[in-house]
Amino acid sequence: MRYPLTMRRARFYLTLLALTLLPQVLAAGDLVRFLNARGVTWLSFSVPGLLVLLNAPMALEVLRRKQKARLPRAFAAAVQMPWTAWWLGSVFYAILLFFWGLGAGVAHLFGAAPVLPLWLALAPFALSLYGTLFGARVLRRERVEVPVAGLPPGWHGARIVQLSDLHAGRHVTAQRLRRIARRAARLKPDVLVVTGDIVHNSPAFARQAAEAIASVPTARGTFAILGNHDFWAGADAVDRELTRAGVEVLRNRGLALRRGGDEIWLCGVDDPWSGRCDLKAALRGRPEGAATVLLSHQPNTWPLAQKAGVHLQLSGHTHGGQVAMLWLHRSLSLARLITPFVAGLYRAGTSFLYVNRGAGSVMPVFRIGARPEVTELTLVPAEVPAPAVAPA
């Protein structure tokens, strides 16, 4: 049954790739006309060849799912970046032309004939190049203080470093995983947590992800949960590699972590899309009144966590939308289509949720306004309001 499923998936991706050729052909056609108008016809002849050169390897990558073609990883990674920049730039260019055409049509009614400036025509490709080379690859360190109700003195000032959505695979390489791990190690965490999507679509990459995670020294341990991609790839295989490397995988269970003679309850649940998420099991054995930290890949479990008395939930999954304007408002993100909890810190009463934008990316490997992150969360005691003094 696996082969027909793989064939259907490959056909779907090939169809999607064929549809994306439309804006590429549009952009390539305009480029040819631009070059011909300036007398560099010899250069315009190379444009169709470059179009084929960029798209053929991506088609082979899809065919690889049917085991009929296989590209060297280094070559696939080298082609993926320029293809993404060109492909997304073409899509943005087509959108720009659509709105420019509407504006030009209105201007024509008033006797004007505006011409698209060259800088504006190049802007979509510059934006795409930025998102591919920098936006998707340069980690941002986020520092957050979380006031936890009932936090015992031994945990005051403790640092939890969170990674999420590594998506280890052909486009998030072992070298990049090691760079992410080194960045996390510089924060000297008391506890390191990884909130799911360890691999992208194959358990073959679980070992290199597990080794990178385990290389980060911690004072109180390293813990992980599994995300939807881990279940699609093979949850048990990913779990085994993490456990073999010394990473403790919390699958619907919890444990007491001790620091300075005091304990908090750290627990994790399986991804809800797996159908195996069990918050009650994760909280079973929790001491009465214990400060509780929950690892849940998807942030939409937070309302249930609030009712269960969870003080802090750490999640990922959204990637911040990958395309967003979080600096204006975090709701201005594509992730808003799937969840109200896009990125950053949320609060409801004494319960907090932090949504990590992830350290990796999925295809297309591209981000604008939602940089990948490594997060340092410092636990501080919640301020207890002073009792009201009755007037004399």
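## Strand β2 and its neighbours

Strand β2 pairs with β12 in the antiparallel sense over four bridges, where strands (E, at least two residues) and helices (H or I, at least four residues) are DSSP runs, numbered from the N terminus, and two strands pair if DSSP finds at least two bridges between them. Within this pairing, R159 has T378 of β12 as its bridge partner. With β3, strand β2 runs parallel, and four bridges join these two strands; here the bridge partner of V161 is L192 in β3. Four of the five residues of β2 are buried, where buried means under 20% relative accessible area, found with a 1.4 Å probe on the protein chains only.

The model is predicted, and for that reason local features need pLDDT of at least 70 and side-chain atom pairs count only at pLDDT 80 or more, while totals for chains, interfaces and linings use all residues. Residues are numbered from 1 along each chain as its sequence is written, and side-chain values use heavy atoms, with hydrogens and water left out.

## The sheet around β2

The order of strands in this open sheet of six is β1-β12-β2-β3-β4-β5, and the pairing is mixed. At its edges stand β1 (140–148) and β5 (248–249), each of which pairs on one side only. Further along the sheet, β3 (residues 191–195) and β4 (residues 222–225) are parallel and share four bridges, and L192 stands opposite T222 in β4.

Helix α6 (residues 174–185) lies across β1, β2 (159–163) and β12 (373–381), and runs at about 165 degrees to β2. Contact means heavy atoms within 4.5 Å, and angles run from 0 to 180 degrees between N-to-C directions, with axes that are lines fitted to C-alpha atoms, for helices over the stretch in contact.

## A second open sheet

Another six strands form an open sheet with mixed pairing, in the order β6-β7-β8-β9-β11-β10. Because β6 (253–259) and β10 (344–348) stand at the edges with a single partner strand each, one side of each is left without a neighbour in the sheet. The twist averages 20 degrees from one strand to the next. Inside the sheet, β8 (residues 292–295) and β9 (residues 312–315) run parallel and are joined by three bridges, with L295 opposite L314 in β9.

## A cavity and a pocket

Rolling a probe the size of a water molecule over the atoms shows where empty space is left. On a 1 Å grid over the protein atoms alone, a cavity is a set of points where a 1.4 Å probe fits but cannot get out, a pocket is an open set with protein on both sides within 12 Å along at least five of seven lines, and lining residues have an atom within 4 Å of a point. There is one cavity of 30 Å³ or more, and the largest cavity holds about 40 Å³ of space, a volume being the space filled by probe spheres set on the grid points, which are joined across faces, edges and corners. Its lining consists of L163, L166, L177, I180, A181, A212 and I213, and α6 gives the most to this lining, with three residues.

The second largest pocket holds about 400 Å³ of space and is lined by 14 residues, of which D30, F34, Y93, L118 and A121 lie nearest its centre. Two or more lining residues come from each of α1 (2–37), α4 (73–109) and α5 (118–135), and α1 provides the largest share, five residues.

Terms used:
Buried means under 20% relative accessible area, exposed over 50%, partly exposed in between (1.4 Å probe, protein chains only).
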